[in-house]
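Please find below my note on the model you passed along. I have kept it to numbered points, so that each can be checked against the coordinates.

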Amino acid sequence: MAISFRRTKKSDENSMVDRVTGAFNRRQLDIDLAAGIDSSGLPTATLQIDIDGFERYGKRRGEVSADQVLERVACVVMATVRTTDVVYRHWHASFCVLLPATTSVDARTVAERIRSNIESTPLLAETNVTVSVGVAVGGDSEPVSETAHRAGAALQSVSSSGGNIVVHD
């Protein structure tokens, strides 16, 4: 069964899109992950992206600025990936990106480009925002949900590193 990246009903689209970031939401991610593996036979890569120190930032700056950071990070991520890639807001300050038909080398390149673009983009005048990215690429018959889990585990393995890093499972 293939992951369906097409949305058929406009009313469904509104309930599947995060209102702050414009990315698809966790509900849509769960639906797409449950759909199984990509039937093209090519690997699907998954990126898990965390905004470094977001909890501390959100407490210091307030909700409006925190939402601005989320919106601007999402914008940079969506501008960096291909039109065939799908960006989701995964948790409070994290995103998941599914990259169909993507090799390990290409996935690492995209992850590093996202990290670098966010680091070098003035998201808010008074702060530097960085992200950490976990990368995993699916095997021949590995469900995309397992690939997403491995990318998250890779990211968790460096959670105390200080951030601004790309790590591959």
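1. Basis of the note. This is a predicted model, in which local features need pLDDT of at least 70 and side-chain atom pairs count only at pLDDT 80 or more, while totals for chains, interfaces and linings use all residues. Residues are numbered from 1 along each chain as its sequence is written, and side-chain values use heavy atoms, with hydrogens and water left out.

2. Overall make-up. The chain has six helices and five strands, where helices (H or I, at least four residues) and strands (E, at least two) are DSSP runs numbered from the N terminus. Read from the N terminus, the elements follow the order α-α-β-α-α-β-β-α-β-α-β. Of the 169 residues, 46% are buried; buried stands for under 20% relative accessible area, exposed for over 50%, and partly exposed for what lies in between (1.4 Å probe, protein chains only).

3. Contacts and surface. With contact taken as heavy atoms within 4.5 Å, 70% of the contacts between residues at least 6 apart in sequence join residues at least 24 apart. The accessible surface of the chain is about 8700 Å², and carbon and sulfur atoms account for 51% of this surface; the areas come from the Shrake-Rupley method with a 1.4 Å probe, and for residues only the protein chains shown count as cover.

4. The sheet. The five strands make an open sheet of mixed pairing, ordered S2-S3-S1-S4-S5, and two strands are said to pair if DSSP finds at least two bridges between them. Strand S2 (86-91) and strand S5 (166-168) are at the edges with a single partner strand each, so one side of each has no neighbour in the sheet. From one strand to the next, the twist averages 20°; axes here are lines fitted to C-alpha atoms, for helices over the stretch in contact, and angles run from 0 to 180 degrees between N-to-C directions.

5. The S2 side. S2 and S3 run antiparallel and are joined by five bridges, and the hairpin between them passes through two residues. Val86 is placed opposite Leu98 in S3, and Leu98 is also the bridge partner of Thr46. Although S2 is an edge strand, five of its six residues are buried.

6. Six of the seven residues of S1 are buried. Strand S4 (residues 131-137) and S5, by contrast, pair in the parallel sense over three bridges, with His168 in S5 as the bridge partner of Val135.

7. Helices on the sheet. Helix H2 (residues 26-34) lies across S2 and strand S3 (94-99), at about 115° to S2. Helix H5 (residues 104-120) also packs on the sheet, where it touches strand S1 (45-51), S3, S4 and S5, and its direction makes about 170° with that of S4.

8. Nonpolar cores. A nonpolar core is a set of buried Ala, Val, Leu, Ile, Met, Phe, Trp, Tyr and Cys residues joined through side-chain atoms within 4.5 Å. The largest has 31 residues, and those with the most contacts inside it are Leu47, Ile49, Ile51, Val73 and Ile118. S1, helix H4 (63-80), S3, H5 and S4 each give two or more residues to this core, and the largest share, seven residues, is from H4. Leaving aside residues up to four places away in sequence, Val73 touches Ile51, Phe95, Ile118, Leu123, Val129 and Val131. Another core lies apart from this one and has eight residues, among them Leu29, Tyr88, Cys96 and Leu98.

9. Thr21. This residue is in the loop between helix H1 (10-16) and H2, and Thr21 counts as buried because its relative accessibility is 6%. Beyond four places in sequence, Thr21 touches residues including Leu70, Met78, Arg89 and Phe95.

10. Gly53 and His149. Gly53 is in the loop between S1 and helix H3 (54-61), and its C-alpha atom is separated by 8.6 Å from that of Gly162, 109 residues apart along the chain. His149 belongs to helix H6 (residues 144-156) and counts as exposed, at 55% relative accessibility.
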